[in-house]
Amino acid sequence: MANRVQIPTRNSALIAMIADEDTVTGFLLAGVGNVDLRRKTNYLIVDSKTTMKQIEDAFREFTTREDIAVVLISQYVANMIRFLVDGYNKPIPAILEIPSKDHPYDPTHDSVLSRVKYLFSAESVASGRR
Amino acid sequence: MSGQSQRLNVVPTVTMLGVMKARLVGATRGHALLKKKSDALTVQFRQILKKIVSAKESMGQIMKTSSFSLTEAKYVAGDNIKHVVLENVQSASLKVRSRQENVAGVKLPKFEYFTEGETKNDLTGLARGGQQVQACRAAYVKAIEVLVELASLQTSFLTLDEAIKTTNRRVNALESVVKPRLENTISYIKGELDELEREDFFRLKKIQGFKKREIERQQAAAKKYAEEKFAEKISLERGISVNSAHNMLSATMQKDEDIIF
């Protein structure tokens, strides 16, 4: 059976981030940030001044870059570009929705979990009836 | 839907019948195997799903703790720690490695994170609060661990989903299109072969009938000829007309003993 999606075995791939300032600072502190020779970063700090277009562009850029394997995106940012996130169906890079300080994690909006809501029973996470 | 169980266009010969039967056997076996594969994949799928749900919960928890420790660090080391950190970004020291794992015949990606190089520690928290900064960093590294695990689970989840859909599509196609078509073709060939056999049989019987009638006719003709000759002989001997000779002859057929020849 031909596997049409080629999953590359990479030795080093980056983790991209689209989140608010605090979250990004924390992750940069941990050492996830990368600035390459052309001053391209693998993170985007989203604040009240960031336009939707910037966010969309960053998302598209991160998902098409070959050296990025994981994209962390704050849930409220993901809600802003929900149509892009939901329409994204490649396995790599993986899109993970993380909570931010002001917006705790809400499983009902998670794009992956909502796709399999039908598999859950009534008391589980994704149905949001907790 | 018309055309749902058509048959293939083949020449109805015995060889083709054998070929079709072999293909039907192959299709049945393939169908059973694919069903098993689909079941195995679904089991894996549900397991991964459970793990994802629990991992997402713990992730929410961990993110909360790490952002709390960040607030602490900010409080202690001053608010401009953000700028210091932003300045300090050069090349990433935490990266992910992706491998492929074979699960029930499907290649699933798996991520693992590793540290490469030294994290640039200069300038952060030199003034004050170095300890808090270190604690914060440790908390975020732990968060990254969980997040990478989660990312790995998520990609396997999506890939498995795709694989299950494809396998199920194939199973359904075999069950509702390929097998009925082959079965129809087989019954058509059998029907045609029977028809040919019947035709042959019929032809044979007809020929036999002809032959029999031919033989009977010839026998009757031969007998008539023999009668004629005999009647002629008698008429020549006795000097009577052929007709009365015929009559006499037919009378003798009833075995009249008085007449002696």
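Modeller: Let us begin with one pair: the side chains of R217(B) and E214(B) meet in a salt bridge, with 2.4 Å from N to O. The term denotes a side-chain nitrogen of Lys or Arg within 4 Å of a carboxyl oxygen of Asp or Glu. This is a predicted model, in which local features need pLDDT of at least 70 and side-chain atom pairs count only at pLDDT 80 or more, whereas totals for chains, interfaces and linings use all residues. Residues are numbered from 1 along each chain as its sequence is written, chains are lettered from A and ligands numbered from 1 in the order in which they are written, and side-chain values use heavy atoms, with hydrogens and water left out.

Biologist: Why are R217(B) and E214(B) separated by about one helical turn?

Modeller: Because they are three residues apart in helix α3 of chain B. Helices (H or I, at least four residues) and strands (E, at least two) are DSSP runs, numbered from the N terminus.

Biologist: Which residues are joined into one network by salt bridges that share partners?

Modeller: E61(A), R65(A) and D67(A) are joined in this way. Over all chains, the structure holds eleven salt bridges.

Biologist: Where do D57(A) and K53(A) lie?

Modeller: Both belong to helix α2 of chain A (residues 52–64), four residues apart, about one turn of the helix. D57(A) is partly exposed at 37%, and K53(A) is exposed at 54%.

Biologist: What can be said of D161(B) and K165(B)?

Modeller: Their side chains also meet in a salt bridge, at 3.3 Å from N to O. About one helical turn separates D161(B) and K165(B), because they are four residues apart in helix α3 of chain B. D161(B) counts as buried, since its relative accessibility is 16%; K165(B) is partly exposed at 43%.

Biologist: How should I read a contact list, and which residues does H31(B) touch?

Modeller: Contact means heavy atoms within 4.5 Å. Leaving aside residues up to four places away in sequence, H31(B) touches V171(B), L174(B), E175(B) and K179(B). H31(B) lies in helix α1 of chain B (residues 14–77) and is buried, at 12% relative accessibility.

Biologist: How is the size of an interface expressed?

Modeller: It is often given as the accessible area lost when the parts come together. Here, buried area is that loss for two parts (1.4 Å probe), summed over both. Chain B and chain A bury about 4,500 Å² between them, 70% of it on carbon and sulfur atoms. K56(B), V89(B) and V96(B) supply 11% of the area that chain B buries against chain A, more than any other three residues.

Biologist: How many residues of each chain are in contact, and which element of chain B gives the most?

Modeller: In contact are 52 residues of chain B and 50 residues of chain A. There are zero salt bridges between the two chains. The elements that give two or more residues to the side of chain B touching chain A are α1, α2 (81–87), β1 (94–103), β2 (106–115) and α3 (130–238). Of these, α3(B) gives the most, with 17 residues.

Key
Buried means under 20% relative accessible area, exposed over 50%, partly exposed in between (1.4 Å probe, protein chains only).
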